[in-house]
Structures are given as C-alpha cells and as structure tokens.
Amino acid sequence: MAARRSPSISSRKQPKQARSTELVATILEAAVQVLAKEGAQRFTAARVAEKAGVSVGSLYQYFPNKAAILFRLQSDEWRQTSELLRSILEANTRPPLERLRRLVHAFIRSECEEAAIRGALDDAAPLYRDAPEAREAKASGRGIFQAFMREALPQASDATRALAADVIKTTLSAVGKQFSESPRSPAEIDAYADAIADMFCAYLAAIENG
C-alpha cells in the first residue's frame, strides 16, 4: 500500500510588493479570527476569504489550501517562540537559572494570552504535522536550547543535557497548555510560573551538584 502523501503546505508565492504584502497580512489576520471563532474543524479557505473580503481565487494565489494557511499561522507561532527563546536564553549577561526563570514566565504568559489560537492550531496539526516543512520549522529552536543547556550544565554529559532539555521542554509545553485552558489573572500566572521555575531550577541544580 502506497504511503499517503502530505498535502502541499508551502505558500504558492511570496508577496513582493507592498500591496501583496498587505493582502497576505489581511488574509492571515482573517484566518486567526476564523480559527478562534470556528475552530479547526470548521476552518475553510472560503470562510477565510469571506472574512478577509477577498475572492477565494486571490487567496489561492498565495495559499494552495487551508492546510497551507494553518501551517503559516503555526510556523509564525514557532518563529515567535524561537525568537522568545533566543532573546532570553542568549542573554548571557544573566546567570543561566535566572534566564530559565524569565523564560518560564514569558512562556506561561504567552500561552495564556493566545490560548484559543494555540488550542485550535493543535487541533489542526494533523493537516500538516507530517510535512517536511513542519519538521524543519519545529527544529529551528532546538539549537538555542542546546546551547543554553551547555551553559546551565557545564559538568554534565551530552546525554544528561539532552534528557534535561527534553524534560523541561515537554513539561513546560504540557503544563502551559493545561494551565491556559482556563482564564487566569496576572497574579495566578506569576504564581504558577514561579512554581514551575522553582522546580526546573532545583532540577538543574541537583544535576549539576550531583
């Protein structure tokens, strides 16, 4: 039985003129609104085009299908996460554990602010998660975290660093998603982020001092 091919999720063409760039921005803004209101199951290119006030044909000039639109939204989110990682974890004028604490606070706050869109994108992931573009996009932030772990755990082995990185990333993603499913006050966000950061810092300190 032949393997099922992933749908094309690359943009058909990149906007080069200001007018085209504005059109793509309008389409993506409309896509966010449709996704937040309708969810992944009812998300269609036609609904996005209608919300954006453009023809479906105009939309298809840039995005071949709804999977391409959703992947663009998701890849933009991954890029923003990578930029967040870089801006905090590469600020090596601060001690590593302080940087980790700042990252936890920023991540939990971001999860709560964008919970509806993140949840809908998670639901839509089967449409694009197996495509090569998705694997490449997700890999973009790994090097940043690996470099940070070398600073945070200079005496540890590569295997120990890799395990610690995986534990932190997996835990942070899971608890951030669960915590953000309900509305949270700024005080609740800070208290929760402090608790998670305390656990991570204690975990790394135990490895380094063990």
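This is a predicted model: local features need pLDDT of at least 70, side-chain atom pairs count only at pLDDT 80 or more; totals for chains, interfaces and linings use all residues.
View 1. Along the chain Val167 and Tyr203 are 36 residues apart, while their C-alpha atoms are separated by 9.9 Å.

**View 2. The whole protein chain, for orientation.** The protein chain holds ten helices and zero strands, so that, read along the sequence, its pattern is α-α-α-α-α-α-α-α-α-α. Of its 210 residues, 38% count as buried. Among the contacts in the protein chain with a separation of 6 or more, 72% are accounted for by residues 24 or more positions apart.

**View 3. The buried side of helix 2.** Within helix 2, which spans residues 45–52, the residues Ala45, Val48, Ala49 and Ala52 are buried. These four cover an arc of only 100 degrees around the axis, and therefore lie on the same side of helix 2. An α-helix has 3.6 residues a turn, so residues three or four places apart point the same way. Just after helix 2 comes Gly53, which takes a positive phi of about 75 degrees.

**View 4. The crossing of helix 4 and helix 6.** The axes of helix 4 (residues 66–89) and helix 6 (residues 115–124) come within 10 Å and cross at roughly 125 degrees, which makes helix 4 oblique to helix 6. Helix 4 passes helix 6 in a left-handed crossing, and the contact is made by Leu70, Leu73, Gln74 and Glu77 on the side of helix 4 and by Arg118, Leu121 and Ala124 on the side of helix 6. Sorted by class, the residues of this contact of helix 4 with helix 6 are four nonpolar, one polar and two charged.

**View 5. The packing of helix 4 with helix 8.** Helix 4 and helix 8 pack at an angle of about 25 degrees, their axes being 10 Å apart, and because this angle is under 35 degrees helix 4 counts as roughly parallel to helix 8. The crossing of the two helices is left-handed. Helix 4 contributes Ser82, Leu85, Arg86 and Leu89 to the contact, and helix 8 contributes Ile144, Phe145, Phe148 and Glu151; these residues divide into five nonpolar, one polar and two charged.

**View 6. The packing of helix 8 with helix 9.** Helix 8 (residues 142–152) packs with helix 9 at an angle of about 120 degrees, with the axes 10 Å apart, an arrangement that makes helix 8 oblique to helix 9. The crossing in which helix 8 passes helix 9 is right-handed. Here Arg142, Phe145, Met149 and Arg150 in helix 8 meet Arg161, Ala164, Ala165, Ile168 and Lys169 in helix 9, and by class the contact has five nonpolar, no polar and four charged residues. Phe145 of helix 8 takes part both in this contact and in the contact with helix 4.

**View 7. Ser182 in the loop between helix 9 and helix 10.** Ser182 lies in the loop that joins helix 9 (158–179) and helix 10 (186–209), and at 36% relative accessibility it counts as partly exposed. Ser182 and Ala115 are 67 residues apart in sequence, yet in space they are 8.7 Å apart, C-alpha to C-alpha.

Definitions and conventions:
Residues are numbered from 1 along each chain as its sequence is written. Side-chain values use heavy atoms; hydrogens and water are left out. Buried means under 20% relative accessible area, exposed over 50%, partly exposed in between (1.4 Å probe, protein chains only). The arc is that of the directions from the helix axis to the C-beta atoms. Axes are lines fitted to C-alpha atoms, for helices over the stretch in contact, and angles run from 0 to 180 degrees between N-to-C directions. Angles under 35 degrees count as roughly parallel, over 145 as roughly antiparallel, 65 to 115 as roughly perpendicular and the rest as oblique. A crossing is left-handed if the near helix is turned anticlockwise from the far one by less than a right angle, and right-handed if clockwise. Contact means heavy atoms within 4.5 Å. Ala, Val, Leu, Ile, Met, Phe, Trp, Tyr, Cys and Pro count as nonpolar, Asp, Glu, Lys and Arg as charged, and the others, Gly among them, as polar.
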